[in-house]
Amino acid sequence: VTGEVHFFTGGVPDGSPAQKLRLENIKHCSISPSSVPYYIATYQPGSKGGPAFIRLYRYPGFETVLASRSVFKCDNLKINWNAQGTAFLGTTSVDVDTTGSSYYGEQGLHYLDMSGASTMVTLSKKGPLYSADWHPNGREFCVVYGFMPAKATLFNQKCEPVFDFGTGPRNQVTYNSHGTVVCLNGFGNLPGYMEFWNREKLQLVSKFQASDTTFFQWCPDGEHFVTATTAPRLRIGNGFKVWHYSGQQLATWSVPGATDELWEVRCQPVPAGTFRAKPVIGVQASITQESKNKPAAYRPPSARGTASSSLKLHENEKPQVVGVAAAVQTEEVKPLSKSAQKNKRRRDGKKGEEVPSTSATAGRFTQAQRDAVAMATCLTAPP
């Protein structure tokens, strides 16, 4: 079959297809994880210098394109649906970065949904796109991106940034099953630090390290998770550990033999709704003590007793509210200019000024004269 996608019903691809989607030069398609109605995402690479196309259809009405986006610099596409199957994130990539700024090529992130919206997600730091994960409600997502130390940003459905988690040694983001806790971690060639954030309060709850980890997965209850060291990524020290997101290690298992290998670990799936969401724990003592007990940097004997240098290889950015919420906060705390302060004092003075009750006193000065006296008093008053 060339340029066609065949759809079969009944669970068995037997006989003639129930529906056909014909697209020239189609390379990839993906079916939404939702129930009826189903949505189909497709990818057509560009040809002869033209753009590639990412499209969204509703099964079986392939005559109408719900959303479409044309993309240059796209050799491959990775599709990440939300749990409801109503929207997806498309990660585009090219193997060669023509600007020469990245060894890993060039990547972009695009958003399409069933309402027809299609836009590129604007990322505030250049570099690779490591991970993107949807909130279980399908109305927000978090992205880890940029040259190390990587940045993590929370976006809403309009692809507007909501919160910036700052920068750090991380390359993965995952929500727990209830969407109440967000985990940012850095595994592989990173030291294995894990940060757990209260999603509602956007507050760091705990931070600890799981060295030599090659696999991470939340348990269905949304409180515990599994880390593992597996082959072929690492062939020594294979095993797995079960943790609580507070940092407490509850169980550990290692392969019995020195030459034995562990290839895969998975949590046992359970039906949706088996576990109810529990309140997120408070900030752990390890977070408050981290800054107090932070060890001093090593200094050679020849430099001891002298003023320390403030030179740093890189400066980590702090977490902050961004986007519309940040604009509202800035407006609330924006200092008044000198002229605005004078006008405010004048208005406050008028509010506190007693108005004479008798008509004779009221007629002694005109309104213009009273305004002039108030202005003169305001201008001569000390700041």
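Tutor: The model is predicted, so local features need pLDDT of at least 70 and side-chain atom pairs count only at pLDDT 80 or more, while totals for chains, interfaces and linings use all residues. Residues are numbered from 1 along each chain as its sequence is written, and side-chain values use heavy atoms, with hydrogens and water left out.

Student: What is the mean pLDDT of the chain?

Tutor: The mean is 82, and 80% of the residues reach 70 or more. pLDDT is the predictor's confidence in each residue, from 0 to 100. Over residues 354–362 pLDDT stays under 50. For that stretch the model has three contacts beyond four places in sequence. Contact means heavy atoms within 4.5 Å.

Student: How many helices and strands does the chain have?

Tutor: Five helices and 23 strands. Both are DSSP runs, numbered from the N terminus: helices are H or I with at least four residues, strands are E with at least two.

Student: Why is N176 called buried?

Tutor: Its relative accessible area is 2%. Buried means under 20%, exposed over 50%, partly exposed in between, with a 1.4 Å probe and protein chains only. The value 2% falls under 20%, so N176 is buried. Across the chain, 34% of the 383 residues count as buried.

Student: Why is P60 called partly exposed?

Tutor: P60 has a relative accessible area of 41%. That lies between 20% and 50%, so the middle class applies. P60 sits in the loop between β5 and β6. Its C-alpha atom is separated by 8.7 Å from that of P37, 23 residues apart along the chain.

Student: What makes the N176 side chain's approach to G179 a polar contact?

Tutor: A polar contact is a pair of N or O atoms within 3.5 Å; within protein, one must be able to donate a hydrogen and the other to accept it, and residues adjacent in sequence count only if both atoms are side-chain atoms. The backbone nitrogen of G179 lies 2.8 Å from a polar atom of the N176 side chain. So the distance is within the limit. The N176 side chain also reaches the backbone nitrogen of T180, at 2.9 Å. N176 is in the loop between β15 (172–175) and β16 (181–185).

Student: Why are β19 and β22 edge strands?

Tutor: The open sheet has the order β19-β20-β21-β22, with antiparallel pairing. β19 (215–218) and β22 (249–254) each have a single partner strand, so one side of each is left without a neighbour in the sheet.

Student: What makes a set of residues a nonpolar core?

Tutor: The members are buried Ala, Val, Leu, Ile, Met, Phe, Trp, Tyr and Cys residues, joined through side-chain atoms within 4.5 Å. The largest here has 14 residues; Y43, I54, L56, I79, W81 and F88 have the most contacts inside it. β4 (39–44), β5 (52–58), β6 (61–71) and β7 (76–81) each give two or more residues. Leaving aside neighbours within four places in sequence, I54 is in contact with residues including Y43, F88 and L112.

How values were computed
Pairing = 2+ DSSP bridges.
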